[in-house]
Amino acid sequence: MRADATATLALAALVAAAVGLGLWAVGGPTQGRMEKRDQQRHADLMQLERQVACLSDAAGGALPGALTETDVCHIADRYADPYTGAAYVYDRLSDTGYRLCAGFESPDALQVWTGPEIKFDPDAGCLVIRHSPG
């Protein structure tokens, strides 16, 4: 009977260690919630990118000085983080470039699409966008 108890205890310890290592590897439920909130922030910034494109088209190709909603351009659902209330940041960098920023919680874990016109800067929490009027 003693060997069975030792084997059961060893198996329970092995299972507990495996679960602990699994949670450590993926971050557990807290990490998952942070990543979900960050995905929402990224989706909001992508809507704001489309808002900027609309405002630019309405202004003959010029980037707007600020993010606004107009009768013609009302694409974005939100201009602020739904979890913290902090306003998303729009910085016009030049006549052809701007960035949209949010307070990401875990930006290195964020899976985002990048391309020649859009890059993600995880250190700053910003999408850096090269605008091509069109």
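Guide: Happy to! A residue counts as buried when its relative accessible area is under 20%. Please keep in mind that this is a predicted model. Tyr 98 has a relative accessible area of 1%, so Tyr 98 is buried. Tyr 90 is buried too, because its relative accessible area is 12%.

Now to the rings themselves. A pair of aromatic rings is described by the distance of the centres and the angle of the planes. Ring centres must lie within 6.5 Å to pair, and planes over 60 degrees apart count as edge-to-face, those under 30 as stacked and the rest as tilted. By this rule there are two aromatic pairs. In one of them, the ring centres of Tyr 90 and Tyr 98 are 5.5 Å apart and the planes meet at 50 degrees, so this pair is tilted. The other joins Phe 104 to Phe 120, with 5.5 Å from centre to centre and 90 degrees between the planes, which makes it edge-to-face. Phe 104 sits in the loop between strand S2 (97-101) and strand S3 (118-121), while Phe 120 belongs to S3, so their pair ties together parts 16 residues apart in sequence. Both Phe 104 and Phe 120 are buried.

Let us return to the tyrosines and look at the strands. Strand S1 covers residues 89-92 and runs antiparallel to S2, with four bridges joining the two. Across these strands, Arg 92 has Tyr 98 in S2 as its bridge partner. S1 and S2 make a hairpin, and four residues lie between them.

Terms used:
Residues are numbered from 1 along each chain as its sequence is written. This is a predicted model: local features need pLDDT of at least 70, side-chain atom pairs count only at pLDDT 80 or more; totals for chains, interfaces and linings use all residues. Side-chain values use heavy atoms; hydrogens and water are left out. Rings of Phe, Tyr and Trp (its six-membered ring) pair if their centres lie within 6.5 Å; planes under 30 degrees apart count as stacked, over 60 as edge-to-face and the rest as tilted. Buried means under 20% relative accessible area, exposed over 50%, partly exposed in between (1.4 Å probe, protein chains only). Two strands pair if DSSP finds at least two bridges between them.
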